[in-house]
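This report describes side-chain interactions in one protein chain. Please keep the sequence and the structure in view while reading.

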Amino acid sequence: MTSCLMPLDTDRNQLKSNGMIHFPADFIWGSATSSYQIEGGADLDGKGPSIWDAFCSIPGKVFQNQNGSVACDHYHRFEEDVKLMQEMGIKAYRFSISWPRIMPTGRDTVNQAGVAFYSRLIDKLLEAGIEPWVTLYHWDLPLALQLEENGWLGPELPRLFAEYADICFRHFGDRVKNWITLNEPWVVAMLGYGQGVFAPGRTSNVDPYLAGHQLLLAHASAVERYRAKYQTGQKGRIGITNNCDWREPLTDNVQDQKAAQRALEFFLGWFADPVFFGDYPSSMRERVGVRLPEFKPEEKALLIGSSDFFGLNHYTTMYAAEATAVQASVYGNGGLSEDQDVTLSTDPAWPITDMGWAVVPWGCRKLLQWIDDRYSHPEVVITENGCAYPDEISNGRVHDQNRIAFMEGYLSEIRAAIGQGVHVSGYFAWSLMDNFEWASGYSKRFGLHHVNFETLVRTPKDSALWYSKVIQKNGF
Ligand code: GAL
């Protein structure tokens, strides 16, 4: 194994004064959530069903057959939630708009009650001095579009998404200056259309590439709409959020180094290369062949430069090695690992979170450096980072020292990356509060606030108090 646990003290020391790590003065300190995971109100006030409402109703898909019908009941408690953030001094809040709350069947008819809900939330945030960062699609596709258009496999989806995005720009763009088109298209494509463990629950080794293609075109169409009709007047920014773990070569061997590079290209390059360079990585083209769709010249032109910043969700790291002929990857990439020929593994010495994900802060710095090199120094916004632990309340407190250590570790490495010249402008902790963690239901707690899912009472964990001080001091 390579000596990747090499300490970075030299870098870090330069950033410390009086024993503190300082962040740039205008650093954006935020927290993040998504509509299906917190809102509840699944069929209230005209909201249409989403593919997650439907997916949760299939026995065995979600832990204990739980669902997001009530979730954190944020739909009714958003004012209290804004107050929690205000008390912490949070500067920016990333939330998502539920497409079927705005358009119950995904097209044509606009649900005014849905528009009013987000409008009130945005107003409350601004009154509290919190900048809204709005994601247009965090996985809750209107069910009607799944049934009528075959979901993201349908050729009409990019146009329909742009129409929906247009409604959002029109109603909220006077107050929302930071837009994110899609959250993690990799997850939608791989877990929704490859492994089938997320909605809509399809399994295939062809469909993920088609769904991914349509998602990229949908992103580009929405950005085109924003830039043509709204950006000049509203003066906001728009981008996409991709997710990526770091892949460290298992050995110094050239084959393993190539395998790690390939793994990153299949993970992040799949969705970031088209947005920055107009096409998929050549490694994907060579290995996926005809299953990987082609962009038309006019689509490439729309895609290149279609993100005003580089949205990144990052959680963990794994070793990557060249797969030997008979080796089946334990972790793999969606049963599609044969497209990559990469074997993934972890170091048993690494601590793991309740998700089973390894805590490897230096992987975050290496990933940031890789992004900086490959995409020519973009502005990176960490739109999610965080961890799940089995937190418990005792005497009204949650002593989640492990989460504080996690955040301290990742933020130190992010600061080290900034010190090395990477442009990171913000950090959004996932998540503001414990919520519906997709197929894991309510069994995994990612929040800075504990939520009692029977009483819906929110309690700040020690990490919330710690994060609040970090924001106040602009460091720790
Ligand atoms: C991300 C996702 C979030 C949240 C988080 C923790 O992939 O965007 O919705 O679930 O992972 O698993």
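## Salt bridges and their surroundings

Glu-299 is buried, with a relative accessible area of 16%; here buried means under 20% relative accessible area, exposed means over 50%, and partly exposed lies in between, as computed with a 1.4 Å probe on protein chains only. The model is predicted, so local features need pLDDT of at least 70 and side-chain atom pairs count only at pLDDT 80 or more, whereas totals for chains, interfaces and linings use all residues. Residues are numbered from 1 along each chain as its sequence is written, and side-chain values use heavy atoms, with hydrogens and water left out.

Glu-299 takes part in a salt bridge with Lys-296, a term for a side-chain nitrogen of Lys or Arg within 4 Å of a carboxyl oxygen of Asp or Glu. Lys-296 is partly exposed, at 47% relative accessible area. Elsewhere, salt bridges with shared partners join Asp-391, Asp-400, Arg-403, Asp-434, Arg-445 and Lys-461 into one network. A search of the whole structure gives 36 salt bridges, and the table lists some of them.

| Salt bridge | Distance between closest N and O atoms |
|---|---|
| Arg-107 and Glu-148 | 2.8 Å |
| Arg-374 and Asp-273 | 2.8 Å |
| Lys-296 and Glu-299 | 3.8 Å |

Helices (H or I, at least four residues) and strands (E, at least two) are DSSP runs, numbered from the N terminus. Of this pair, Arg-374 is partly exposed at 21% relative accessible area, while Asp-273 is buried at 3%.

## Cysteines and a buried loop residue

How many disulfides does a search of the whole structure find? The search finds zero disulfides, a disulfide being a pair of cysteine sulfur atoms within 2.5 Å. Cys-244 is in no disulfide, and the nearest cysteine sulfur, that of Cys-364, is 11 Å away. In general, a disulfide is a covalent bond between the sulfur atoms of two cysteines. Cys-244 is buried at 1% relative accessibility, and Cys-168 is buried at 0%.

Asp-245 lies in the loop between strand 7 (237-243) and strand 8 (246-249). Asp-245 counts as buried, with 17% relative accessibility. Apart from neighbours within four places in sequence, Asp-245 is in contact (heavy atoms within 4.5 Å) with residues including Leu-264, Phe-267 and His-314.

## Aromatic rings

The count of aromatic pairs is 54. Rings of Phe, Tyr and Trp (its six-membered ring) pair if their centres lie within 6.5 Å; planes under 30 degrees apart count as stacked, over 60 as edge-to-face and the rest as tilted. Trp-270 and Phe-271 are stacked, because their ring centres are 4.6 Å apart and their planes meet at 25°. Both Trp-270 and Phe-271 are buried.

Tyr-442 and Phe-453 form a tilted pair, 4.6 Å from centre to centre with 45° between the planes. Tyr-442 is buried at 16% relative accessible area, whereas Phe-453 is partly exposed at 24%. Ring pairs link these residues into a cluster whose members include Tyr-36, Trp-52, Tyr-442 and Phe-453.

Finally, Arg-101 lies over the face of Phe-117, at 5.8 Å from the ring centre. A charge sits over a ring if NZ of Lys or CZ of Arg is within 6 Å of the ring centre and within 35 degrees of the ring normal.
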